[in-house]
Amino acid sequence: AMGMLSLVILAVIFGYMFYKSEIRNNTEVTWIERSKYSDNYEYEYTNSSVRLRDTRTGEYLTPPLSGIYDKYLKDSITVLFQDNKRGFLNIYTGRILVPAQYERAWVFSEGLGAVVKDGKVGFVNSRGDVVIPFQFGYRTPWKDQVDFLFKNGHCTVLEPSTGKHGLIDKQGSWVVQPQYDYINNPERGLRIVKLNEKYGVMDSIFRFLLPIEYDWIEYNKDGFIIQKDYHKQLMAYDCQTILQPSVYDKVNHMIYGTDKVDVHGNTIYAQCEVYCYEVAGRYGLMNNNGKILTKALYTYINAISKDLFVCNIDAKGSKIVINSKGEVIKNV
């Protein structure tokens with residue numbers, strides 16, 4: 001009888017906890033957040049929606065929306081989300097400018113906003129007028145995805161039949177023909193361009209300051225990190241001055257097993273006088289002053305003595321032995 005009573009009590013407790021959990025999950029919760037952009041309106045959130053309310057009159061400025069994009073904004077017009085559609089809203093007044101009607105949309109840049117309709121990209125103004133017709137390609141995330149933003153009067157878009165990237169002006173005319181695999185948004189007026197897995201740098205008047213021959217290029221606060229033949233350098237934004245002749249992804253100590261053992265019979269390891277550095281998944285040797293002894297040519301390096309190293313040449317397992325000067329001693 002006591003056992004049965006205990007089971008009944010446990011069942012009641014668990015049933016009550018489950019009931020409270022379901023009630024909590026199905027109860028609409030409302031909370032308020034102040035706008036970062038204006039004291040004249042606030043966000044009223046629920047579990048599933050958000051709308052804007054005028055703080056002076058209590059009037060709702062929008063119907064319930066799925067969301068509003070409000071991060072990293074450099075323009076007054078941002079994107080709103082409603083029923084899997086996109087529109088535009090003035091982030092400073094809280095007023096809807098273009099109702100949600102597009103498949104995709106990007107925040108405004110230089111007075112225009114990119115939108116997707118029937119799978120094609122076009123551009124609208126703050127009144128919702130289509131300024132540049134829906135004639136450019138849209139590639140679904142996330143392969144070489146483009147942020148369709150105007151910078152200095154130009155925007156990267158895709159030619160729909162080829163998927164190649166080019167640049168247009170605010171009239172929708174090509175200023176750089178669509179022939180590249182990717183054109184990045186500019187930093188300091190310079191764009192990284194990709195073609196056939198190689199990279200170059202184009203300036204604001206569409207000249208190549210660096211030809212498309214590098215294995216990788218990325219922006220850095222001081223310039224470009226450029227990579228060619230598993231060698232990285234830091235180059236200034238003038239695309240001429242080398243700020244750092246060698247850049248590495250990682251540098252590791254090298255150790256080798258000696259012929260000595262500790263009191264427990266374990267091999268004692270010692271540190272080499274050279275280091276292993278990594279560039280794009282390949283490895284080379286450098287001395288303790290940072291001087292490169294070998295290029296980063298190897299898929300793996302293992303020290304077998306103070307001055308000898310086994311290097312994997314390729315994925316097939318081919319190996320060579322080199323010394324601390326980078327000289328090949330023998331094939332393995």
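Me: In which strand does H165 lie?
Reply: This is a predicted model, in which local features need pLDDT of at least 70 and side-chain atom pairs count only at pLDDT 80 or more, while totals for chains, interfaces and linings use all residues. Residues are numbered from 1 along each chain as its sequence is written, and side-chain values use heavy atoms, with hydrogens and water left out. Helices (H or I, at least four residues) and strands (E, at least two) are DSSP runs, numbered from the N terminus. On that numbering, H165 lies in the strand covering residues 165-168, which is β13.

Me: Is H165 buried or exposed?
Reply: The classes rest on relative accessible area, with buried meaning under 20%, exposed over 50% and partly exposed in between, for a 1.4 Å probe and protein chains only. Because its relative accessibility is 0%, H165 counts as buried.

Me: Which backbone nitrogen does the side chain of H165 reach?
Reply: A polar contact is a pair of N or O atoms within 3.5 Å; within protein, one must be able to donate a hydrogen and the other to accept it, and residues adjacent in sequence count only if both atoms are side-chain atoms. The side chain of H165 makes its contact at 3.4 Å, and the backbone nitrogen it reaches is that of I183.

Me: How many strands are there in the protein chain?
Reply: The secondary structure of the protein chain includes 1 helix.

Me: What radius of gyration does the protein chain have?
Reply: The radius is taken over C-alpha atoms, and the globule rule is 2.2 Å times the number of residues to the power 0.38. The C-alpha trace spans about 85 × 80 × 40 Å along its principal axes. A compact globule of 332 residues would have a radius of gyration near 20 Å, but for the protein chain the value is 30 Å.

Me: Which residue in β2 is the bridge partner of I32?
Reply: Two strands pair if DSSP finds at least two bridges between them. Strand β1 (residues 31-34) and β2 pair in the antiparallel sense over 4 bridges, and a hairpin of 6 residues joins β1 to β2. Strand β2 itself, residues 41-45, is mostly covered, with 4 of its 5 residues buried. Within β2, the bridge partner of I32 is E44.

Me: Which residue in β3 is the bridge partner of Y45?
Reply: Strand β2 is joined by 5 bridges to strand β3 (residues 50-54), and the two run antiparallel. A hairpin joins β2 to β3 through 4 residues. In β3, the bridge partner of Y45 is V50.

Me: Which residue in β29 stands opposite V321?
Reply: Strand β28 (residues 319-323) is joined to β29 by 3 bridges, and these strands run antiparallel. Opposite V321, the residue in β29 is K330.

Me: Which element gives the most residues to the largest nonpolar core?
Reply: A nonpolar core is a set of buried Ala, Val, Leu, Ile, Met, Phe, Trp, Tyr and Cys residues joined through side-chain atoms within 4.5 Å. The largest has 18 residues, of which V121, F123, F148 and I168 touch the most other members. The elements that give two or more residues to this core are β9 (113-117), β10 (120-124), β11 (130-137) and β12 (155-158). With 3 residues, the element that gives the most is β12.

Me: Which residues is G111 in contact with, leaving aside its neighbours within four places in sequence?
Reply: G111 has its place in the loop between β8 (104-105) and β9, and because its relative accessibility is 41%, G111 counts as partly exposed. Contact means heavy atoms within 4.5 Å. Leaving aside those sequence neighbours, the residues in contact with G111 are D75, V124 and N125.

Me: What value is phi of N196 near?
Reply: N196 has its place in the loop between β16 (191-195) and β17 (198-202), and it counts as exposed because its relative accessibility is 59%. Phi of N196 is positive in a residue other than glycine, with a value near 50°.
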